[in-house]
Structures are given as C-alpha cells and as structure tokens.
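Here is a short briefing on a protein–RNA model. Look over the sequence and the coordinates before reading on.

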Amino acid sequence: MSHFSLHDSQRRATVPFVPLDPEHIKIYYCGPTVYDLAHIGNLRAMLTADVLVRTLRHLYPRVTFVRNITDVDDKITARARDNNEDIATLTERTTHEFHADLAAMNVIPPDIEPRATHNIDEMQHLIARLVAQGHAYEADGHVLFSVESFPSYGALSGRNPEELVAGARVEVATYKKHPGDFVLWKPSSEDQPGWDSPWGRGRPGWHIECSAMSHRYLGESFDIHGGGSDLMFPHHENERAQSMCCFPGGKFANYWVHNAMLLVEGEKMSKSLGNFFTIRDVLKQAPAEALRLLLLSAHYRSTLNYTQAGLLEARKTLDRFYRALAAGPVPRTEAPEGVLKALSDDLNTPAAIAELHALASKALAGDRTAAGALKAGADMLGLLSEDPEKWFRGESSDEDTEIQALITLRLEAKKQRDFAKADALREQLQGMGIILEDTRDGTEWRRA
RNA sequence: GGUCCGGUGGCAGAGUGGCUAUGUAGCGGACUGCAAAUCCGCGUACGGGGGUUCGAUUCCCUCCCGGACCUCCA
C-alpha cells in the first residue's frame with residue numbers, strides 16, 4: 001500500500017496520514033449554506049473532498065464521509081424575505097439544486113448529509129455542556145463562547161486572541177467579555193426562525209452546528225476535517241474550541257485540510273466584477289468533465305486561476321484522452337501506480353494528470369493495457385466516466401442521419417476526385433458544428 | 001497595522017541542491033487531394049540583489065510584486 005501523506009493545516013506541514021482506526025476512516029466537510037446556487041469556488045472545495053474520499057476509499061476498507069447542509073442562517077432568512085418565499089421552500093429547492101449540480105460534476109455524495117435544523121437538540125446539548133463547564137456564558141439574551149476559557153484558542157489558524165482585537169474591522173458587541181467571544185445561541189424575533197431553549201426562543205450561531213453534527217455522526221475524534229481556507233478562521237477555529245471544550249478527552253479533527261481559493265481571469269471572483277460563475281453557468285458552455293479537469297489541474301493548496309482559455313484547454317485534453325480510449329478495447333485494469341503515487345502525495349492531482357497524459361500517449365500508440373490504466377487512473381479523479389462516442393457526438397439525434405448522408409455524399413465526391421464538392425460538403429458540415437476526420441476505414445465525425 | 005501564503009518558459013501548472021515534469025499555444029517536418037486526428041523535431045523557464053555550497057530555480061537573508069485571512073465567504 002502506498003504511503004498516504006496529507007498536508008495538515010494545523011501542523012502546517014505535509015505529514016504521513018495515520019488513521020485513528022485503519023479499519024474505518026472518518027471525515028467531515030463543511031457543506032453549503034443553502035440560499036443560492038453553488039459557484040465554482042464552492043465546487044473546488046467539493047472536488048477536493050471528492051478526490052480525497054476517492055483516494056481514501058482506495059487505500060482503506062471503510063470511509064465514512066459526512067458533509068452537512070446549513071439550512072438555518074441569517075443569509076437564508078434574508079434571501080427568503082427578498083424572494084418573498086418560505087425559508088423551507090428556499091432551502092429545499094437550493095439543496096436539490098446543489099445535489100443536481102454535484103451529480104452533474106460526478107461528485108460522490110456523502111454517506112451522511114445531516115441538516116442543521118435536524119440537529120438543534122444536539123446543538124443545545126453541547127451549548128448547555130459548555131455553559132456548565134464554564135466555557136460559555138449568557139449575556140443579553142445570547143450565549144457566548146469564552147475564548148479565554150480555552151488556552152489553545154487560535155492554534156489552528158495561527159493567531160492569538162489579542163491580535164484579533166487590534167485588527168477587528170467589525171464593531172464588538174458590548175455584551176462580550178472578550179472581543180473574540182462568539183455566539184453559540186442568539187435570540188430570535190417573531191419573524192426569525194427560532195427554537196425554544198433554556199435561553200429562550202432563539203437560533204444557533206453558525207459554528208455550533210458543525211460541532212454538533214460531527215460529534216453526532218463521527219464522535220469526539222475523527223480523522224479529517226476539511227473546507228475552504230477561508231473557513232479556517234473563524235469557523236474552524238471556533239468549531240475546534242467548542243468541540244474540544246465539550247469533549248476534553250477527544251482530539252476533534254486529527255487532520256485539517258483546507259483548499260486554496262480560486263481567481264477568475266486573474267481576479268477575485270465577485271458579483272460586482274461580473275466574473276461570478278455558478279456551476280450551472282459553466283455547464284451551459286462546457287462539459288462537466290472539462291470543468292472538473294480544469295479545477296483539478298492545479299494542486300488544491302494553490303490558488304487556481306479559472307479562465308475561459310483553461311476551460312477550452314481542459315476540453316481538448318479530454319478529447320485526446322477519449323480518443324485514446326476509443327482507439328480500441330479498454331481492458332479492466334487496476335488504478336495505475338503512478339496516479340496512486342501522485343494522489344498519495346497530498347493529492348497531487350496535476351502530477352496524476354501528467355501520468356494520464358503519458359498513458360494516453362501509450363494508448364494512442366496501440367498499447368491497450370495503457371488504455372485500461374488510463375481509464376482506471378482517470379476514475380480516481382472522477383474523469384473519463386462517459387462513453388467516448390457520447391463525448392464526441394453528444395446524445396444521438398435525428399440530425400445524425402443527415403450528417404451521415406452528407407458524409408456519404410462527400411465520400412462519393414472524393415471518389416470521383418471532385419475535391420471542390422467534397423470540400424464544400426465539409427464546410428457545410430462545419431457550419432453545423434461538425435468536424436470530420438478521414439481515416440483508413442472511413443470518415444469519423446464529432447461535434448466541435 | 002497583524003498573521004500567513006505565493007512569484008517557474010506566450011499561457012496553464014508540477015517538482016527538485018547537480019540528471020531542468022506535463023499540457024497548451026507557436027514554429028518546422030511526416031501523413032493527407034486538402035483538412036482533421038496522429039507522429040517526429042525545435043524553443044533550455046524558475047521576480048531583483050546578496051549569501052551558503054564544488055554546484056541553487058530548489059537552502060538562508062533582503063528587497064520588490066501579487067494574493068488570502070483578521071468574526072459574510074469554498
């Protein structure tokens with residue numbers, strides 16, 4: 001078995017991955033807040049988790065992957081109000097859209113996908129425990145976590161509470177004992193979602209839900225906790241504080257995985273710059289696998305520059321890979337060593353893709369074992385899952401007959417060495433978005 | 001202001017104390033009636049300046065530039 005190394009954000013180093021229990025790997029990822037369509041930045045985090053889980057599944061007999069849905073949040077409440085719809089309608093619809101988008105991207109669903117609103121009791125239980133243990137206090141209707149009660153607060157993100165005070169760009173609520181204290185429970189007005197609690201009708205703070213759900217489904221200690229690097233502080237830092245104070249005997253997450261952000265055409269993706277892409281936006285203009293390959297073409301801890309040119313390049317790369325598969329039979333093969341080695345080295349997807357290129361070249365040269373290895377290796381990355389013919393031609397349609405007829409006419413013209421006519425027919429097809437490839441055995445076609 | 005990451009060939013993007021990925025674009029060639037696809041060849045990159053070393057893109061220092069985070073954010 002290959003040695004799997006993973007970069008742990010807390011240790012700030014790439015270290016050998018040592019499972020808590022090699023028979024059962026447990027991983028938790030922060031899922032979406034369901035108030036809007038997922039964008040390609042969200043997708044990068046989901047893909048990082050996906051490749052991580054695929055790799056772990058290959059190396060270990062059992063992996064439990066938990067990814068939550070945040071369906072109570074002030075952003076949700078605000079959006080529902082703007083849309084003039086029920087909160088539940090908004091969150092249900094957005095959750096379905098999220099699932100559909102990830103399915104289109106060939107992302108493996110989590111084993112357990114808990115919803116925050118189904119875990120309010122668990123959250124209250126944790127909060128009560130924190131209060132009882134002196135890690136949390138009630139103030140002005142809120143329950144707050146006391147960062148000073150947890151000596152290692154800041155260890156994950158590498159900051160200390162004093163620094164946070166100096167740079168804070170948000171005004172500190174007066175009822176906080178320490179400016180870094182954060183909300184565990186907050187009171188709800190009549191028009192806000194709320195649940196009865198020992199501290200009055202209210203709703204949970206953002207961070208407590210992940211502590212509650214990871215504990216409920218994975219226990220006091222689990223192997224990996226992941227998310228985007230922007231979640232490291234404050235979200236993950238706070239989760240860690242809550243959970244470790246609640247369960248001093250546990251380790252909470254043993255490894256922390258954080259993916260870097262992405263840029264769009266060299267700039268930060270933002271709605272005001274007009275370069276904000278949802279998964280759906282991209283899928284209108286390119287196949288899902290092209291987007292997937294593009295996002296995996298940079299290492300997850302590097303900033304990735306998403307560009308239109310890159311999307312086209314990814315598609316061309318896949319064309320070549322699919323050609324390599326289509327060139328002959330594709331035997332079932334074990335995942336190739338080179339790909340496994342790359343992925344075992346902190347999920348080095350660019351190196352894994354380079355292996356795929358080498359295999360594709362061999363396959364195109366007639367090595368069908370390499371074609372099998374290409375398929376198996378690509379599968380580790382969730383790529384090349386389509387039928388090559390479908391990849392090149394799309395779903396078969398009535399148009400195919402017409403295309404075939406024009407091709408036959410052109411072959412006739414060619415036979416009579418009427419190249420002007422043959423070229424005219426080829427141009428006509430090109431106008432229909434069809435590219436021809438003459439081979440020894442006839443003429444193949446594909447969509448541009 | 002604080003903390004932390006980066007700067008690699010036209011572009012994308014790995015990696016390494018000496019053998020300088022991979023892809024794409026470009027150029028030349030083979031194949032083809034012409035294309036497309038495929039194949040062959042070419043272009044020797046590591047922000048600037050110091051230092052350590054027999055040797056640095058890789059280690060150290062410094063400067064410049066970019067980015068992230070500092071309680072909305074994948």
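A polar contact is a pair of N or O atoms within 3.5 Å; within protein, one must be able to donate a hydrogen and the other to accept it, and residues adjacent in sequence count only if both atoms are side-chain atoms. One such pair joins a polar backbone atom of G228 to a sugar or linking oxygen of RNA strand B, at 2.3 Å.

The model is predicted: local features need pLDDT of at least 70, side-chain atom pairs count only at pLDDT 80 or more, and totals for chains, interfaces and linings use all residues. Residues are numbered from 1 along each chain as written, chains are lettered from A and ligands numbered from 1 in the order written, and side-chain values use heavy atoms, without hydrogens or water.

**RNA strand B**
- Around RNA strand B there are 49 residues (a heavy atom within 4 Å). The closest are P179, W206, G228, K316 and R426.
- K75 places a polar side-chain atom 2.8 Å from a sugar or linking oxygen of RNA strand B.
- R446 has a side-chain N or O atom 3.0 Å from a sugar or linking oxygen of RNA strand B.
- α10 gives the most to this surface, with five residues. Helices (H or I, at least four residues) and strands (E, at least two) are DSSP runs, numbered from the N terminus.
- The surface near RNA strand B splits into 16 nonpolar, 16 polar and 17 charged residues. Ala, Val, Leu, Ile, Met, Phe, Trp, Tyr, Cys and Pro count as nonpolar, Asp, Glu, Lys and Arg as charged, and the others, Gly among them, as polar.

**Second largest pocket**
- Its volume is about 400 Å³. A pocket is an open set of points on a 1 Å grid over the protein atoms alone, where a 1.4 Å probe fits, with protein on both sides within 12 Å along at least five of seven lines; lining residues have an atom within 4 Å of a point. The volume is the space filled by probe spheres set on the points.
- Of its 16 lining residues, R323, A326, F392, E437 and E444 are the closest to the centre.
- α10 (308-326), α14 (388-393), β14 (434-439) and β15 (442-447) each give two or more residues to the lining.
- Domain 2 (263-392) and domain 3 (396-447) each supply at least three lining residues.
- The lining has eight nonpolar, one polar and seven charged residues.

**UniProt record**
- An unreviewed entry places the short sequence motif "'HIGH' region" at residues 32-42. That span is 27% helix and 0% strand.

Definitions and conventions. Domains from an automatic or database assignment. UniProt positions renumbered as here; feature names shortened; annotations may be inferred.
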